[in-house]
Amino acid sequence: MPRFSVIVPCYKVQGFLPECLDSVLGQSFGDFELIAVDDRSPDDCGAILDEYARRDARVKVLHLPENVGLGRARNAGLPHATGDYLLFLDSDDTLTPGALEAVADRLAETADPDVLVFDYARTYWWGGTRRNVLAHLLAKEEVFTAAGYPPILDLLMVVWNKAYRRDFVTEHGFAFPPGYYEDTPWTFPVMLSARRIAALDRICLHYRQRRQGNILSTTSRKHFDIHDQYERVFAYLARRPELASWRPYLHRKMGEHCLDILAKPDRLPPADKAEFFRRTARMFRAHRPEGARVDGEVAVLTGTWTGYRLRRQSARAAREAARRAGRARRAAAARAGAGWAALHARRPLDESLVVYSASSHRGVLGDPAAVYHAAREIAPELRGVWVVRDEETAAGLPDGVEHVIVGSRRYREVTARAKFFVNDVNWPGTLAKRPGSVHIHTHQGTPLKYLGADLRDKPGARLGFDVPQMLRRADRWDYSLVASRHAELVWERAYPCHFTSVRTGSPRNDVLVRGGSGGFRERHGIPADHTVVLYAPTRRDYRRGGYVDRIDPARFAAALGEGHTLVVRLHPSLAAGPARGMGLAELARRRIVVDATDEPHLADVLLAADALVTDYSSVMFDYAVLDRPIVIHADDWPAFTASRGAYLDITAEPPGHVTRTFRELSGLFGSGGWRDGESARLRAAFRARFCEFEDGRAAERVVRTLLLGEPLAGPASRIPGQSGTRDALSPA
């Protein structure tokens, strides 16, 4: 008896079907059967299924004598299922790599619940991917019921984001009805009847958003089927008095669902909308529980079709008026702000005012933070003000940090008066640089990948990136901080602007030179005797969204073995996307890995790590300051350089050993070669070239030389920069 029976109904999907089947048959967990149901498809679906069945004994094919529709095609597959659990996969969707293994592990962990709900992501025909916005609801660790955890019903009520214990389905006699929206009378009864439900916070399925051919996006009277489907749900409740308390919830849900269908422009023929509203209203009245409140959106169902139309027209008019009013307010605010800024611009600069920002106004972070803290200690007479993006960010600032919200009146005031500006990315284009003000650009690390003007010949990498606008903003820089001659030459090439390169080192790396623990191990419960391996992959410009799964963290953690902890830190641009849902969040919950993506201070993570594994992330230059082993995993180096470009061949001049396959990587750690003499030799050469100005005094050097104007010799004399001005670090 297999662990899973995966039922796949097929109809007119020959273009997508092989990808769907391959996503199942290629799973790392192989204890399953695939029951494919050819719903009398007029294209080559049947032939494709038969070919797969000849190649793989796990594939069973049913050819139906007539077309019965999606729900009844699933029903046809049910009697042939022998697995412990049932999964329903639509034939244009795909399972993600490792999905069945993750589901199997979670089922074992939760002692075989009736239902397991897992996460999904929408994949669009144009290449985009968007994770389920309610994914956070799946982070619940304990087993529950719908009554004990009602938010679970806020998820999309579909059949394919769940695994069902087959005995539970058989016991209750669950089956799919004919017609559109067949998931509704399956999912609600299943979820309300389940005595044990578990959740899996992992994207196990890609839900394809087709440009054409999606049944529910077809304009048709078939959308009237929604009424029959909810009638079936209410009939199920009527047969089970113990579920009567759910009637008010389902009454409102039915009204909201029908109104959503009515509001969509591509569902109902215009001539049928009035009938659809009236039928919905009759059903809403018929099933209204005694004493149930009817308010909000569904209140329109107590009125007439004319009233509904007037309300919709009124709402559209209100939105348009609000849009115009908002535009007028913004224009007025801009004029007022410009006037306010102009007023302050006529006043002299405040010689003691320093304005800071980091990572697009995300808080007290990185190089600007290091300079800020050094200034508070060395020059308390300087007033430091941070620019943050919103009130939520402001609420997370440390106590005593003065701040302004970007775009606010106070923001305009301080930016109009400040003498000094310290930032690691460009300031908004609306910020005008006053004569006499000093802009210090810290960057965000030593560059490996092409940046700035060098992206002109890399169309994929500069998608949505305005190079001329970026250079106009960089024209405001007075000083560019560098950690090495390599960085100095790259910045002056990539940003052909009039600034002076200053050999300060990277202020944020001062703490790495000084050493310490940072407390990361303690916060995450990592045993003191464990070897911590940090895996820090970067984004890819040849893939929309930037995420490419180069190494399976679970497999890598297992290969490292006992006495090791794998820490994963994704690129910041991937933190809010689907990347973490592809297994990282679930692995972190199960303590297989530690997810350090949200750690605000990178230095704490680096200090905790005994070794770094990365592909092409600039974190390698920071980590090299610690003089600890680094491994470069360069399995797609040619594709990466072709799409993005690189200033050096990191595979020819690496900071440690280079691997190109997982076998090489795991073998390197298994043999201990990751920290051998060759690793140390390569690292020494790398540090000498790329960390030459990192002496632990970078922040102090910036404060004393650039903010206070004190003469202070740098670690080396510099080559004259583009600006032609004297080096600020040269002896007086």
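Buried means under 20% relative accessible area, exposed over 50%, and partly exposed in between, with a 1.4 Å probe and protein chains only. The model is predicted: local features need pLDDT of at least 70, side-chain atom pairs count only at pLDDT 80 or more, and totals for chains, interfaces and linings use all residues. Residues are numbered from 1 along each chain as its sequence is written, and side-chain values use heavy atoms, with hydrogens and water left out.

**Whole chain.** Start with everything selected. The C-alpha trace spans about 90 × 65 × 45 Å along its principal axes. Of the 732 residues, 54% count as buried. The protein has 25 helices and 22 strands; these are DSSP runs numbered from the N terminus, helices being H or I of at least four residues and strands E of at least two.

**Strand β1.** Select residues 4–10, which form β1; seven of its seven residues are buried. Phe4, Val6, Val8 and Cys10 are buried on one side, and Ser5, Ile7 and Pro9 on the other. Two strands pair if DSSP finds at least two bridges between them.

**Asp38.** Stay in strand β2 and pick Asp38. Asp38 counts as buried because its relative accessibility is 8%. For a sense of distance, draw a C-alpha to C-alpha line from Asp38 to Ala608: the two are 570 residues apart in sequence and 55 Å apart in space.

At the β19 end, two bridges join it to β18 (residues 564–568), and the two run parallel. Val568 stands opposite Asp595 in β19.

**Helix α6.** Select residues 184–193. Of the 10 residues of α6, 10 are buried, so the helix is largely enclosed by the rest of the structure. Trp186, Phe188 and Met191 are among them.

**Salt bridges.** The count comes to 58 salt bridges, each being a side-chain nitrogen of Lys or Arg within 4 Å of a carboxyl oxygen of Asp or Glu. Select these in turn:

- Asp112 and Arg3, with the closest N and O atoms 2.6 Å apart. The pair links distant parts of the chain, 109 residues apart: Asp112 is in the loop between α4 (99–109) and β6 (115–124), and Arg3 is in the segment before β1.
- Lys264 and Asp260, at 2.8 Å from N to O. Asp260 is partly exposed at 35% relative accessibility, and Lys264 is partly exposed at 28%.
- Arg279 and Glu275, with the closest N and O atoms 3.0 Å apart. Both lie in helix α9 (residues 273–286), four residues apart, about one turn of the helix.

Next, select Arg106, Glu109, Glu141, Glu586 and Arg589, which salt bridges with shared partners join into one network.

**Last stop.** Which residue lies in helix α10 (residues 305–345)? Pick Arg312, which lies in that helix and is partly exposed, with a relative accessible area of 32%.
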